[in-house]
Amino acid sequence: CVLDEVDAPLDESNVLRFLDLVEELSMDTQFVLITHERRSMERGQVLYGVTMQEPGCSKLVSVRFDGLPAEVSAA
């Protein structure tokens, strides 16, 4: 299930409620969230991003969070 910026219009409390629902449903469904919302990115298991370190040259960056100690992934 691909969700593109669905959390953008939500206030903070509703973002958290939405993320709880996505987390619950992710037991049976795989989600791809396209977002700029920090809290949504923090809840993900894998984070993909695009950066442009040099003008005109995009670079894909990925980080996998499962396996990190709780104090590191919670930061």
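Here is a friendly set of numbered notes on the chain, going from the whole fold down to single residues.

1. Ground rules. This is a predicted model, in which local features need pLDDT of at least 70 and side-chain atom pairs count only at pLDDT 80 or more, while totals for chains, interfaces and linings use all residues. Residues are numbered from 1 along each chain as its sequence is written, and side-chain values use heavy atoms, with hydrogens and water left out.

2. Overall layout. The chain holds three helices and four strands, where helices (H or I, at least four residues) and strands (E, at least two) are DSSP runs numbered from the N terminus. Reading from the N terminus, the order of elements is β-α-β-α-β-β-α.

3. Surface and burial. Of the 75 residues in the chain, 12% are buried; here buried means under 20% relative accessible area, exposed means over 50%, and partly exposed is in between (1.4 Å probe, protein chains only). The chain exposes about 6100 Å², and 55% of that comes from carbon and sulfur atoms. These areas come from the Shrake-Rupley method with a 1.4 Å probe, and for residues only the protein chains shown count as cover. Among contacts in the chain with a separation of 6 or more, 34% join residues 24 or more positions apart, a contact being heavy atoms within 4.5 Å.

4. Helix 1, its length. Helix 1 covers residues 12-25, and its 14 residues should span 20 Å at 1.5 Å a residue; the end C-alpha atoms are 20 Å apart, which agrees. The expected span is 1.5 Å times one less than the number of residues in the helix.

5. Val15, Phe18, Leu19 and Val22 are the residues to look for here, as they are buried in helix 1. They cover an arc of only 100° around the axis, which puts them on the same side of helix 1; the arc is that of the directions from the helix axis to the C-beta atoms. Arg17 and Glu24 are exposed on the other side of the helix. The cover over the buried residues of helix 1 includes strand 1 (2-4), strand 2 (32-34) and helix 2 (38-43).

6. Val15 up close. This residue of helix 1 counts as buried because its relative accessibility is 1%. Leaving out residues up to four places away in sequence, Val15 touches Asp7, Leu10, Glu37, Arg39 and Ser40. Val15 and Glu37 are 22 residues apart along the chain, and their C-alpha atoms are separated by 8.7 Å.

7. Glu37. Is this loop residue buried or exposed? Glu37 sits in the loop between strand 2 and helix 2, and it counts as buried because its relative accessibility is 19%. Its side chain makes a polar contact of 2.9 Å with the side chain of Arg39. A polar contact is a pair of N or O atoms within 3.5 Å; within protein, one must be able to donate a hydrogen and the other to accept it, and residues adjacent in sequence count only if both atoms are side-chain atoms. Beyond its neighbours within four places in sequence, Glu37 is in contact with Asp7 and Val15.

8. Thr35. The loop between strand 2 and helix 2 also holds Thr35, which is buried with a relative accessible area of 16%. The side chains of Thr35 and Asp7 are joined by a polar contact of 2.8 Å. A polar atom of the Thr35 side chain also lies 2.9 Å from the backbone nitrogen of Glu37. Not counting residues up to four places away in sequence, Thr35 touches Glu5, Asp7, Ser40 and Met41.

9. Glu5. This residue lies in the loop between strand 1 and helix 1 and counts as partly exposed, at 25% relative accessibility. The phi of Glu5 is near 55°, a positive value in a residue other than glycine. For background, most residues other than glycine have a negative phi.

10. Strand 3 (residues 46-54) and strand 4 (residues 57-64) pair in the antiparallel sense over seven bridges; two strands pair if DSSP finds at least two bridges between them. Across this pairing, Thr51 has Lys59 as its bridge partner in strand 4, and Gly49 has Val61. The two strands form a hairpin with two residues between them, and Gly56 in the turn has a positive phi of about 80°. Of the nine residues of strand 3, the number buried is zero, so strand 3 lies largely in the open.
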